[in-house]
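Subject: Structure handover

Hello,

Here is the structure you will be working with. Please open it beside this email and follow along.

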Amino acid sequence: MRRLLAKHGVRWLLGMLLTLVAVLQVSGDLRFDPIDRMDTFFADLRLRMAEPELDERIVIVDIDERSIAEIGHFPWNRKVVAQLVTRLASDYEVAAAGFDIVFAEADDSSGYDVLADLARKDLRDVAGFGEKVASLRDALDYDGLMARAMEGQNVVLGYTISDQRKGALPQPAFTREDLNGRVVHAVEAKGFIANLPRLQDAARGAGIFTAVPDADGILRRSPLLMKVGDGYYPALSLATVAAALDARAIAPSFDTAADELSDSERAHGGLDSLLMFTAVQRAPIRIPVGEKLMTMIEFRGTGGPSGGAFLYVSAADVLAGKVPKETLAGAIVLVGTTAPGLQDLRATPVDSQYPGVEVHANLIKSILDGDFKQRPDFADGIEVLQVALVGTVLALALAVLAPLYSMLLALAVSAGVAGFNYWAYASAGWTLSMAMPLVLAGSLFVFNLGWGYLFEFRKSRALVSRFGEYVAPELVAEMAEDPEKYSMEGESRELTVMFVDVRGFTTISEGLSPKQLREYINLYLTAMSEDIRGAWRGTLDKYIGDAVMAFWGAPVAFPDHASRGVATALLMQQSAERLNQDFLRRGWPGLKIGIGVNSGMMHVGDMGSAIRKAYTVMGDAVNLGSRLEGITKVYGVGICVGEATRAAAPEFAYRELDLVRVKGKNEPVAIYEPVGRASELAPEVVAAVDAWNAALALVRVRRWDEAQAAIGRLAAADPACGLYQLYLARIDAWRAEPPGADWDGVTNFETK
């Protein structure tokens, strides 16, 4: 742990400082406007990604361009509106009709006032004229026609807030007196432009259709209630649903006592939701609200007749009775306009030209489905926890991971943040901020990537350039993770060394053209090098003509370096046999190799002259490994290992070859041929090895006849084995000229 702190402590500290800044941002102690704008972008993106589904419960009667062309310019006279009301309420039997229109001025388009003035003045002497005009009063009173059409019907009118006061307000949902001293903050209006009193009295209710866009001009939220004077008045969407469901009352709901309110709850008086008491449902409908009685608008579709979320029918077709009755019967209808010239288009997250009437349709759908997206009171806590978790995990992990794994982890964490926030939005209805954790994840990744490049990449690059030609790429990658552990400085270490040589290479080279010889040696050296640097991760030292030198245990230390060396030698013999078959098919000379493997203390490091150096090994154990490679030719085996290697790699089965005294060494050493992993050998191979070792023991006690018979049986079973032939010849020589009394069974080699 101390080493990790020394290496990564500064990066961890800086990463946690970035995390602290992010925590302060989401907790509200610091504000970064770009982060807030990014959160808004993600919220808008969620809406744009949603696939719309047509809701047949809500239908928009569209005063579109065709309706204006057929009926006349808008606003239409109240006689036409009265006909539209009658069609909807009586003929189509809609559940409720909400007008996204205010009727604030009296309609005198019928000309009745002109006729009445003539009857009183210029034409007062015309017989019967005054009586005729009086008889037309009801028919030409278009406001009266509309009022009579609305009487007893679920018709809701719209109105807007303003600085002036004009028209008649409906009854408020509740007043300040109903709050029993609680303070409920809402969007407040000084005045209003409402409907004519006679129209308002005839209607079932009225609702505010004023849009309240965000600071950037985009409409994302809408108040369900606004405060005018001491009263709280419903929005058009809420009023229309109330009419459709025959609501008896809309009341505030407080889940927390006044003296238990948190600071965030006190900001909107602790009003968590509205309760709508209806005649069609036993339990009241709970409608959650946020600050200032606002709610998020869940836009569905791109808006308009082609938006896919709501059915649009032309007002002209409704007036003409061309719409099938089943389309409108029992539906909640909103009457509005999509005609560009009538200026009821809003800038929204899903479209910059979104029909205002469809905003109310989305809110009605949310009320009917109980599907509201709100920021819960505990959102700050979730966001702080989310940022702290993301920051801590990445700050600690990215400092120790390689760049690829760092990128994968940063992407995985970012995907996890996005997935959690999407789940919270889609399943729980929570709108949570996710910009800060994503920015934090990106910042920590870039920071650690930059740190790694500036402070560690140069070390790693130097290490790669120095060791890349010796060891396998995966070893270089491992070394690059902690370059301080590795050095080319000389040191003594217990290692395993290997020497490989081609048998009869002079003869081979004489039988091939230069081009063929180059391909021959290249294929051979490539295969041997891949085996060395492959699964057993050896260090390729050098090529010496057709010979190869390698070792295990440096620069990366392997406790099982001897086992790796023996396993590689067995693998290389298999590769050599495979190459041999290929070469014979080509008509080239066959390939046979001898391999010597030895373990022991060696000097390893960057050695050489001032002109050229190489990372290599030296020492008596290295020299013995070279002698063992040459000895393979004498004993007719492919691999020869020393006693130290056999003892350090006991998982392999060995056939003892001899006790030898090599040139330059006084002490004899036992040499062995590994025949494979003991656990993988066939029973007949194990039996042959045991029989050989028993025969060799007979040789050493000079029981020539028994030894000759035992080896003869082995040679009969495997006549190609040069080892058996060698010892049969030796027994004949010893029998002809017996060794002296001081014979110790050691074979001396006077040449290298």
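A polar contact is a pair of N or O atoms within 3.5 Å; within protein, one atom must be able to donate a hydrogen and the other to accept it, and residues adjacent in sequence count only if both atoms are side-chain atoms. Keep that in mind for Ser67, whose side chain reaches the backbone nitrogen of Ala316 at 3.0 Å.

Some ground rules come next. This is a predicted model: local features need pLDDT of at least 70, side-chain atom pairs count only at pLDDT 80 or more, and totals for chains, interfaces and linings use all residues. Residues are numbered from 1 along each chain as its sequence is written, and side-chain values use heavy atoms, with hydrogens and water left out.

**Around Ser67**

Ser67 sits in helix α3 (residues 65-71). Helices (H or I, at least four residues) and strands (E, at least two) are DSSP runs, numbered from the N terminus. Is Ser67 buried or exposed? Ser67 has a relative accessible area of 0%, so it is buried. Buried means under 20% relative accessible area, exposed means over 50%, and partly exposed is in between (1.4 Å probe, protein chains only).

A polar atom of the Ser67 side chain also lies 3.4 Å from the backbone nitrogen of Ala315. Which residues does Ser67 contact, leaving aside neighbours within four places in sequence? They are Asp62, Gly72, Trp76, Ser314, Ala315 and Ala316. Contact here means heavy atoms within 4.5 Å. Thr337 is 270 residues from Ser67 along the chain, yet their C-alpha atoms are separated by 9.8 Å.

**Strands**

Two of those contacts, Asp62 and Ser314, are also bridge partners, with Ser314 in β16. Strand β1 (residues 55-62) runs parallel to β16, and five bridges join them. Two strands pair if DSSP finds at least two bridges between them. Strand β16 (residues 310-314) is largely enclosed by the rest of the structure, because four of its five residues are buried.

Now look at an open sheet. Four strands form it, in the order β5-β11-β10-β6, with mixed pairing. Which strands are at the edges? They are β5 (174-175) and β6 (187-189), each pairing on one side only. Strand β6 runs parallel to β10 (residues 225-228), joined by three bridges. Ala189 stands opposite Val228 in β10.

Ser253 belongs to strand β12 (residues 247-254). Its relative accessible area is 7%, so Ser253 is buried. The Ser253 side chain makes a polar contact with the side chain of Arg286 at 3.2 Å.

**Cores**

A nonpolar core is a set of buried Ala, Val, Leu, Ile, Met, Phe, Trp, Tyr and Cys residues joined through side-chain atoms within 4.5 Å. The largest has 46 residues, and Leu88, Phe99, Leu157 and Leu328 have the most contacts inside it. Helix α4 (residues 78-91) gives the largest share, six residues. A second, separate core has 39 residues, including Val184, Phe209, Val241 and Phe372.

Back in the largest core, pick out Phe99. Beyond four places in sequence, Phe99 touches residues including Val81, Leu84, Val155 and Val335.

Helix α2 (residues 33-49) has 17 residues. It reaches 24 Å from first C-alpha to last, close to the 24 Å expected at 1.5 Å a residue. That expected span is 1.5 Å times one less than the number of residues. Asp44 is one of the buried residues of α2. Asp44 also joins a network of salt bridges with Asp214, Asp216, Arg220 and Arg221.

A salt bridge is a side-chain nitrogen of Lys or Arg within 4 Å of a carboxyl oxygen of Asp or Glu. How many are there in the whole structure? The search finds 39 salt bridges.

- Asp344 meets Arg346 (3.3 Å, N to O). Asp344 is buried at 10%, and Arg346 is partly exposed at 25%.
- Asp541 meets Lys542 (2.8 Å, N to O). Asp541 is buried at 6%, and Lys542 is partly exposed at 28%.
- Arg700 pairs with Glu656, the closest N and O atoms being 2.9 Å apart. Arg700 lies in helix α24 (residues 683-700) and Glu656 in strand β26 (residues 652-661), so the pair ties together parts 44 residues apart in sequence.

Best wishes
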